[in-house]
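I opened my notebook to look through a protein chain, one topic at a time. Come along and check each entry on your own screen.

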Amino acid sequence: MFTRGKTVLCVIGALCAMSAAQAAGPIQVGIALDISGPFAALGADASNGFDLAIEKLGGKLGGQPAEFLKTDFGGNPEQATQLVTRYLQRDKIDFFTGPIASNTALAVGPALFAAKVPFISSNPGPSQFAGKQCSPYFFGQYQNDNHDEAAGVLVNEKGYKNVVLIAPNYPAGKDHLGGFKRTYKGEVAGEIYTKVGQIDYAAEIAQIRSTRPGAVYFFLPGAMGINFIKQYAAAGLDSVPLVSGGAVDQDIVDAVGGVMAGMSSTTQWANDLSAPGNVEFVKAYRKKYDGRYPSLYAAQAYDTILAMDAAVRIAGGVADRDKLVAALRQADYESVRGRYKFGPNNFPIQNYYQRVVYKDADGRYTNKLVGTVLENHQDAYAADCKMP
């Protein structure tokens with residue numbers, strides 16, 4: 001009788017727990033999208049990646065009902081801050097993600113951290129959040145400098161001397177060029193910072209021409225990169241190689257085309273990476289989006305949702321934030337990058353690859369994986385992180 005009574009109590013307890021979970025409502029995910037503004041093309045790709053993962057999971061996280069609140073904030077950090085306030089106060093979000101730019105991540109991070117809401121970045125990896133301002137509630141896809149640290153190593157191997165550097169004048173631009181200078185062994189012939197969203201590079205190209213560098217390293221994401229590369233080619237500077245980190249991505253390749261053939265870039269992901277999760281992702285993405293190759297931004301957004309799903313499954317929900325954060329740190333899912341682990345600052349320790357733009361068998365231009373530049377690489381700021 002005692003055994004039976006214990007069983008009945010356990011069943012009742014389970015039903016009560018289930019009722020409490022149902023009463024709490026669906027898991028709330030706030031997604032701040034860059035659908036308009038200076039990073040619109042990248043934001044559109046990220047939105048596609050989010051949608052594909054949400055569709056794969058049937059609109060659930062860890063098997064539990066979820067609501068994905070997607071709002072365009074136009075790339076404006078002030079608007080993003082207002083949006084996050086609304087997400088926290090009205091919608092009581094359990095996760096946050098979405099922004100493309102580091103200045104936005106830096107603007108919204110403190111409020112999210114204070115509320116103990118995990119911010120799983122779908123792109124930005126500002127040095128501040130990797131170092132002294134690290135938080136147990138921020139998880140990066142990569143640290144901004146990392147693509148460029150790999151590029152510096154690659155440029156050394158290619159023997160390029162007197163390299164000119166160019167990037168937008170905002171936190172990510174400074175991080176990216178800082179990362180390149182950390183590993184590049186040659187002379188920096190010039191360092192140019194442009195306006196965010198700039199589309200006319202005549203003055204900068206004239207400056208590059210007069211400098212006569214051995215190569216140009218650039219971080220100009222989205223429309224900035226599209227315009228720069230087109231104007232650079234039109235100026236007849238083809239003999240001076242262009243090299244980039246993650247900025248040479250599918251959105252730019254699609255828009256610019258053949259003049260990019262042979263251009264090298266370095267990232268933690270490639271669409272032909274053989275990781276099982278990536279093979280599935282690329283196949284599904286190309287099927288859903290008319291044969292188009294995914295970009296890094298789409299891949300990272302897709303991974304972000306899968307990371308949330310795994311964490312909810314492992315933690316058994318979102319109520320216990322300490323347990324949820326510990327589950328996120330396990331990175332226990334089929335990432336498009338393959339297996340990776342988090343360092344002490346919640347930034348990944350992972351490989352970085354060289355990609356080269358080429359024309360595939362169907363006549364489409366895309367990036368092809370060439371080789372590994374850095375293995376199991378940790379960012380330079382982890383030692384400064386004293387995780388609370």
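**Entry 1: the disulfide**

I began with the link of Cys134 and Cys385, which is right-handed, with 85 degrees about the S-S bond. I noted that this is a predicted model, where local features need pLDDT of at least 70 and side-chain atom pairs count only at pLDDT 80 or more, while totals for chains, interfaces and linings use all residues. I also noted that residues are numbered from 1 along each chain as its sequence is written, and that side-chain values use heavy atoms, with hydrogens and water left out.

My rule for a disulfide was a pair of cysteine sulfur atoms within 2.5 Å. The count came to 1 disulfide, and I read 2.1 Å from S to S for Cys134 and Cys385. Cys134 sits in the loop between α5 (127-130) and β6 (138-139) and Cys385 in the segment after β14 (365-377), so the pair ties together parts that are 251 residues apart in sequence. For helices (H or I, at least four residues) and strands (E, at least two) I used DSSP runs, numbered from the N terminus.

Are the two cysteines buried or exposed? I called a residue buried under 20% relative accessible area, exposed over 50%, and partly exposed in between (1.4 Å probe, protein chains only). Cys134 is buried at 8% relative accessibility, and Cys385 is buried at 10%.

**Entry 2: domains and cores**

I found the protein chain divided into domain 1 (27-144 + 274-350) and domain 2 (146-268 + 354-377); such bounds come from an automatic or database domain assignment. Their centres, taken over C-alpha atoms, are 26 Å apart. I looked up contacts next (heavy atoms within 4.5 Å), and 31 residues of domain 1 are in contact with 27 residues of domain 2.

Then I turned to nonpolar cores, meaning sets of buried Ala, Val, Leu, Ile, Met, Phe, Trp, Tyr and Cys residues joined through side-chain atoms within 4.5 Å. The largest has 110 residues, and Leu61, Phe95, Phe96, Leu112, Phe228 and Phe281 touch the most other members. Helix α12 (residues 296-315) gives this core its largest share, 14 residues. Domain 1 and domain 2 each contribute at least three residues to this core.

How many cavities of 30 Å³ or more does a search of the whole structure find? I wrote down 2. On a 1 Å grid over the protein atoms alone, a cavity is a set of points where a 1.4 Å probe fits but cannot get out, and a pocket is an open set with protein on both sides within 12 Å along at least five of seven lines; lining residues have an atom within 4 Å of a point. Grid points are joined across faces, edges and corners, and a volume is the space filled by probe spheres set on the points.

The largest cavity has a volume of about 130 Å³. It is lined by 20 residues, with Asn123, Tyr142, His176, Phe219 and Tyr297 the closest to its centre. I saw that α7 (171-183) and α12 each supply at least two residues of that lining.

The second largest pocket has a volume of about 250 Å³. Of its 16 lining residues, Asp238, Pro241, Leu242, Val259 and Met263 are the closest to its centre.
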